[in-house]
Amino acid sequence: MTNQNLLYQIGLTLAKGVGDIIAKQLIESVENIEILFKEKKRLLEKLPGVTLRLAESIQNPEVLRRAEREIEFIQKNRIQTFFYTDENYPQRLKECIDSPIVLYYKGNADLNAKKIISIVGTRHATAYGKETTEKLLSEIAVFYPDIVIVSGLAYGIDVFSHKAALKESLPTIAVLAHGLDRIYPQQHKNTAVEMLQKGGLLTDFISETNPDRQNFVKRNRIVAGISDCTIVVESATKGGALITAEIASSYGKDVLAIPGKINAHYSKGCNKLIKENKAALVENAEDIIKTLCWEDIKKEKSIGPVQTNLFPDLSEEEQKLYKILSQGELQINLLSLQSNMQVSKLSAYLFEMEMKGIVKCFPGGVYKLL
């Protein structure tokens, strides 16, 4: 990617009135987003949803000047950027309607790892919450030593999740509510530095962005969208963890919750999620594995490419999917990545294969051969 491309990509995020959804509409409407900054305003107005005011906001000279300063910061600090149309953009997140069009990342964990879970909870974590988090990660590390743990580096369950992951040598990513020029809260700086060695720091905010209240809610969509599921460890009846769980549910992601005593203040939110069937009850790592259909299936015999001859009515695309799934179950976003098919088209092919009795869909969007 050239700096020129990055300049316009970042610039689009800085234009007042251009949110993630509008930005994606604009990206799809033009051959190159550079056009948005150089074309005459009266021609931009012909694009869907573009008013004169929005066109003026995009072409405000200060937008690209600020983007240039951000590129200098990125280069100086060796920060990776992911644009919405990039192949290495987090595929799970990409399928979310309001996913960021630009991400800033410092670290080495794979944002498209085979298995990713988010853990959230109250800032007032109790001994029970901490012990449960540590137990869960200790158990799941045995099954999946490369699983990525995502949280928000906040006080309480968030930072304890990161610490517990590091203790088990699991890669862990913190999604920040500010730019990568600072760490908030400052007390978690040492943990953040340690995470750079096995994990990373991720944000959609440019440098010099303060950790303002509204930014935490905004960053929660990344926590919810980038993973296979969101696990709520502890929460009162209101709080950021429940907001994240709600967002995850709206994305069609699995939500899981740790139950607690009925009179425990910071278990009431989790108990309510379970009671209202908004979250699956989780007591141990095996519950997570079963809910997400991650159980390893031992096949009596291997299935080679010749097996596709048993299904002569399969289209070329369906045979391709069959071959990929013959290697093992896959979540639909990862299947999209491996097959190089858009999820919308992929879903249609998978539906046809289900009707033919060849594949089956399990909770979490996981597909397996029958």
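The legends below describe close-up views of a predicted model.

In this predicted model, local features need pLDDT of at least 70 and side-chain atom pairs count only at pLDDT 80 or more, whereas totals for chains, interfaces and linings use all residues. Residues are numbered from 1 along each chain as its sequence is written, and side-chain values use heavy atoms, with hydrogens and water left out.

View 1. Ser-57 belongs to helix 5, which spans residues 52-58; helices (H or I, at least four residues) are DSSP runs, numbered from the N terminus. With a relative accessible area of 15%, Ser-57 is buried, a term that stands for under 20% relative accessible area, calculated with a 1.4 Å probe on protein chains only. When residues up to four places away in sequence are not counted, Ser-57 touches Ala-15, Lys-16 and Val-63, where contact means heavy atoms within 4.5 Å.

**View 2. The packing of helix 11 against helix 12.** Helix 11 (residues 213-225) and helix 12 (residues 240-250) have axes 9 Å apart and pack at an angle of about 50 degrees; the axes are lines fitted to C-alpha atoms over the stretch in contact, and angles run from 0 to 180 degrees between N-to-C directions. The two helices are therefore oblique to each other, because angles under 35 degrees count as roughly parallel, over 145 as roughly antiparallel, 65 to 115 as roughly perpendicular and the rest as oblique. On the side of helix 11, the contact is made by Val-217, Asn-220, Arg-221, Val-223 and Ala-224, and on the side of helix 12 by Gly-240, Ile-243, Thr-244, Ile-247 and Ala-248.

**View 3. Asn-220 within helix 11.** Asn-220 is placed in helix 11 and, at 6% relative accessibility, counts as buried. Apart from neighbours within four places in sequence, Asn-220 is in contact with Gly-240, Ile-243, Thr-244 and Ile-247.

View 4. Cys-270 counts as buried at 0% relative accessibility, and Cys-293 counts as buried at 7%.

Key. Buried < 20%, exposed > 50% of the residue type's maximum accessible area, 1.4 Å probe, protein only.
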